[in-house]
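Dear colleague,

Please find below the structure that I am handing over to you. My notes on it follow.

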Amino acid sequence: MGTTPLIFNIQRFSTHDGPGIRTTVFFKGCPLRCAWCHNPESQSFTSELMVDADCCSGCGLCVDVCPEGAIALAPDGRARLDRGRCTACGSCVDYCAQAAREVAGEAAPPVEELVSLLLKDRSFFEQSGGGVTLSGGECLVQDSAYLEDLCARLHASGVHVAVDTCGDVSWERIERVAPYVGLWLYDLKALDDELHRSLTGASNARILDNLVRLVRMGADIRVRMPLVHPVNDSEESIGSTVHFLLDKVGRLPVSLLPYHAAGNGKYRRLGRAPREDFSAPDDQALERIRQRFVDAGFSDVEIGG
Ligand code: SF4
Ligand code: SF4
């Protein structure tokens with residue numbers, strides 16, 4: 001038996017993770033460490049406590065209830081967490097009247113339970129041409145049997161399944177769920193391998209290889225490119241992506257995803273420092289990038305989505 005996956009969010013009525021109205025399941029844990037990740041709680045494979053220090057009133061209730069002695073009131077009157085001791089047990093969460101504490105990551109329910117939860121929105125999926133999107137983190141590094149069973153049951157129920165992936169997984173994991181996946185939302189971050197390593201902590205070799213193999217398989221794919229200034233939005237960087245696509249996989253639909261800093265608060269709640277040196281390309285730059293794809297013959301290029 002594999003390890004039970006962790007889920008950190010199930011978002012209903014999503015319109016950004018594939019066609020129509022969708023429910024997106026966010027699995028926790030990712031092989032990459034993208035420096036701009038707007039869901040930093042998605043990266044670790046273990047549950048984590050998130051604390052909003054600004055909400056803390058200093059009542060001290062969490063201090064008393066923590067079985068690990070991981071919390072103390074600091075001189076500023078707020079609860080301070082010793083992350084080395086915290087086991088993310090969640091005991092303190094319900095005691096906080098200020099809702100300053102939350103655990104990111106819960107064990108996924110049995111597949112049949114998750115499927116019946118997801119099917120509650122089936123009428124919205126049917127009316128809108130939507131479905132379920134499996135995202136993360138990286139959903140494909142979760143227990144393969146669980147993922148395959150989940151995809152197969154949704155598919156058998158007539159639900160369109162999209163997989164949002166970073167692509168840095170073994171081909172066997174992709175192959176296992178491929179028969180049930182109607183759309184691959186495939187992230188491409190940088191073609192330069194050195195740049196990719198420095199920004200994500202991993203090579204892009206397997207990611208590019210898997211994309212080529214998926215295309216050969218005849219899969220329906222939309223490439224998603226996060227655009228982060230000043231790291232991967234240069235003419236050179238965009239040009240090499242366009243060339244790679246033309247050369248290896250053809251004119252796939254492309255979504256350009258401008259960076260946003262919405263995740264910065266989450267970094268702080270995880271006790272991590274957000275990057276302050278990233279921004280979205282401005283509107284003119286975004287339009288130039290979009291036009292670069294259009295000029296190369298790409299007919300489906302959207303900003304956002
Ligand atoms: S999650 Fe558990 S271990 Fe962590 S601070 Fe709260 S009570 Fe303590
Ligand atoms: S229970 Fe909440 S408000 Fe009270 S000290 Fe702990 S974090 Fe602060």
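In these notes, contact means that heavy atoms lie within 4.5 Å. Helices (H or I, at least four residues) and strands (E, at least two) are DSSP runs, numbered from the N terminus. This is a predicted model, in which local features need pLDDT of at least 70 and side-chain atom pairs count only at pLDDT 80 or more, whereas totals for chains, interfaces and linings use all residues. Residues are numbered from 1 along each chain as its sequence is written, chains are lettered from A and ligands numbered from 1 in the order in which they are written, and side-chain values use heavy atoms, with hydrogens and water left out.

I begin with helix H2 (residues 111-118), whose buried residues are Val111, Leu114, Val115 and Leu118. Here buried means under 20% relative accessible area, exposed over 50%, and partly exposed in between (1.4 Å probe, protein chains only). Viewed down the axis of H2, the buried residues fall within an arc of 100°, so they line one face of the helix; the arc is that of the directions from the helix axis to the C-beta atoms. Their cover includes strands E1 (6-14), E2 (22-27) and E8 (131-135), together with helices H3 (122-128) and H4 (144-156).

Proline 110 is found in the loop between strand E7 (106-107) and H2. It counts as partly exposed because its relative accessibility is 42%. Proline 110 and tyrosine 146 are 36 residues apart in sequence, with a C-alpha to C-alpha distance of 8.4 Å.

The next element is helix H6 (residues 193-200), in which His196, Leu199 and Thr200 are buried. These residues cover an arc of only 80° around the axis, which puts them on the same side of H6. Glu194 and Ser198, on the other side of H6, are exposed. Helix H7 (205-217) is included in what covers the buried residues of H6. At the start of H6, a side-chain oxygen of aspartate 192 comes to within 3.0 Å of the backbone nitrogen of glutamate 194. Just after H6, glycine 201 adopts a positive phi of about 85°.

Finally, H7 packs with helix H8 (residues 235-249) at an angle of about 40°, the axes being 10 Å apart. Axes are lines fitted to C-alpha atoms, for helices over the stretch in contact, and angles run from 0 to 180 degrees between N-to-C directions. In this pairing, Leu208, Leu211, Val212 and Val215 of H7 meet Phe244, Leu245, Lys248 and Val249 of H8.

With kind regards

Methods. Polar contact = N/O pair within 3.5 Å; in protein donor to acceptor, adjacent residues only side chain to side chain.
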